Amino acid sequence: MRYFLLLLFICVTFNSTAIIAAEDDPFSAPSEQQQNQAVDGLAAPMYKPLMERYILDELRAVRQDQQKLREDVTKQVTHAQLDTADRAITYTTDTINNVFFIITATASILVLVGWNSLRDVKNKVEDIVNTRVSVITDEYEDRLKILEEKLRVRSEEILSNQERISVTNEVHSLWMRANLESDFANKIEIFDEILKRKPEDVEAIAYKADALLEINDTAQAIELCNQAIEIDSDYGYAYWQRACAYALIHEHADALADIKMALDYSPNLRNELLHESAFASLHDNESFNDILSATSV
């Protein structure tokens with residue numbers, strides 16, 4: 001089609017050029033007589049035979065060339081599309097192959113390190129988690145045991161303190177009763193109750209010995225004084241009660257020795273020397289008088 005238009009354009013241009021040239025030529029417009037003479041003088045036709053056929057053949061050739069060009073363009077476009085699709089398929093295939101290669105390599109590595117299946121991986125993870133949980137559990141169990149031990153010790157201390165408080169209250173009540181009691185036998189029973197609650201109460205032991213001396217049980221009183229001195233050798237009143245017992249049985253040497261020990265540990269007892277009835281047998285004793293003289297000075 002393009003060739004046909006080009007040829008048509010050339011023909012129109014050639015005709016226009018010829019017309020313009022004829023118009024410019026002063027001899028291009030002959031008269032009618034000249035035209036008739038020219039026609040009569042023609043010996044051969046002025047046109048070439050088969051000119052139309054030539055033009056039609058040229059148009060046909062141009063059309064065929066155009067069709068061929070269209071086919072060639074279509075083939076080139078088709079080949080280009082096929083080539084593009086082929087490249088896309090090749091790229092996709094290579095990508096998939098690479099992915100499979102990576103998966104295969106990863107699986108091979110897992111097999112080499114011993115994780116040859118998802119079950120092995122799961123078991124390994126479970127073992128790690130169980131081990132960690134066990135460690136944490138043991139750690140917290142140890143902490144709980146320590147805490148429980150501290151709580152147990154603290155509870156025992158609280159219970160012990162409560163028991164001590166209870167015993168102290170009972171002992172205080174018994175001491176109040178003993179101070180109000182005038183019967184020495186009843187006093188001795190009260191002191192026994194105190195000693196049941198506090199067996200090493202040297203004060204209760206000494207006062208029980210004093211009550212025994214009041215009922216003339218000097219042997220047991222001496223024994224109690226010895227017990228008190230064994231528990232607390234610095235308790236002066238125990239030496240004082242034993243001195244009273246020795247004085248009552250006229251063992252003056254032992255009595256004077258205990259008096260000195262009692263005064264050393266409890267100097268406030270010096271004021272009771274002359275008022276203690278158990279020392280009546282010592283009033284004529286020179287050593288006792290010396291102690292009294294030292295006391296009065």
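This passage describes the overall make-up of a predicted model and then the packing of two of its helices, H8 and H9.

The protein is built from ten helices and has zero strands, so that, by the definition of these elements, the order from the N terminus on reads α-α-α-α-α-α-α-α-α-α. Of its 297 residues, 19% count as buried. The accessible surface amounts to about 22,700 Å², and carbon and sulfur atoms hold 57% of that area. Turning to contacts within the chain, those with a separation of 6 or more can be split by sequence distance: 50% of them join residues 24 or more positions apart.

Two packed helices are described by the angle between their axes and the distance between the axes. Because angles over 145 degrees count as roughly antiparallel, H8 and H9 are described as roughly antiparallel to each other. The crossing of H8 past H9 is left-handed.

On the H8 side, the contact is made by Gly 236, Tyr 239, Trp 240, Arg 242, Ala 243, Tyr 246 and Ala 247. H9 contributes His 252, Asp 254, Ala 255, Asp 258, Ile 259, Met 261, Ala 262, Leu 263 and Tyr 265. Arg 242 of H8 and Asp 254 and Asp 258 of H9 take part in the contact, and Arg and Asp belong to the charged class.

Notes:
Residues are numbered from 1 along each chain as its sequence is written. This is a predicted model: local features need pLDDT of at least 70, side-chain atom pairs count only at pLDDT 80 or more; totals for chains, interfaces and linings use all residues. Side-chain values use heavy atoms; hydrogens and water are left out. Axes are lines fitted to C-alpha atoms, for helices over the stretch in contact, and angles run from 0 to 180 degrees between N-to-C directions. Helices (H or I, at least four residues) and strands (E, at least two) are DSSP runs, numbered from the N terminus. Angles under 35 degrees count as roughly parallel, over 145 as roughly antiparallel, 65 to 115 as roughly perpendicular and the rest as oblique. A crossing is left-handed if the near helix is turned anticlockwise from the far one by less than a right angle, and right-handed if clockwise. Contact means heavy atoms within 4.5 Å. Buried means under 20% relative accessible area, exposed over 50%, partly exposed in between (1.4 Å probe, protein chains only). Accessible areas come from the Shrake-Rupley method with a 1.4 Å probe; for residues, only the protein chains shown count as cover.
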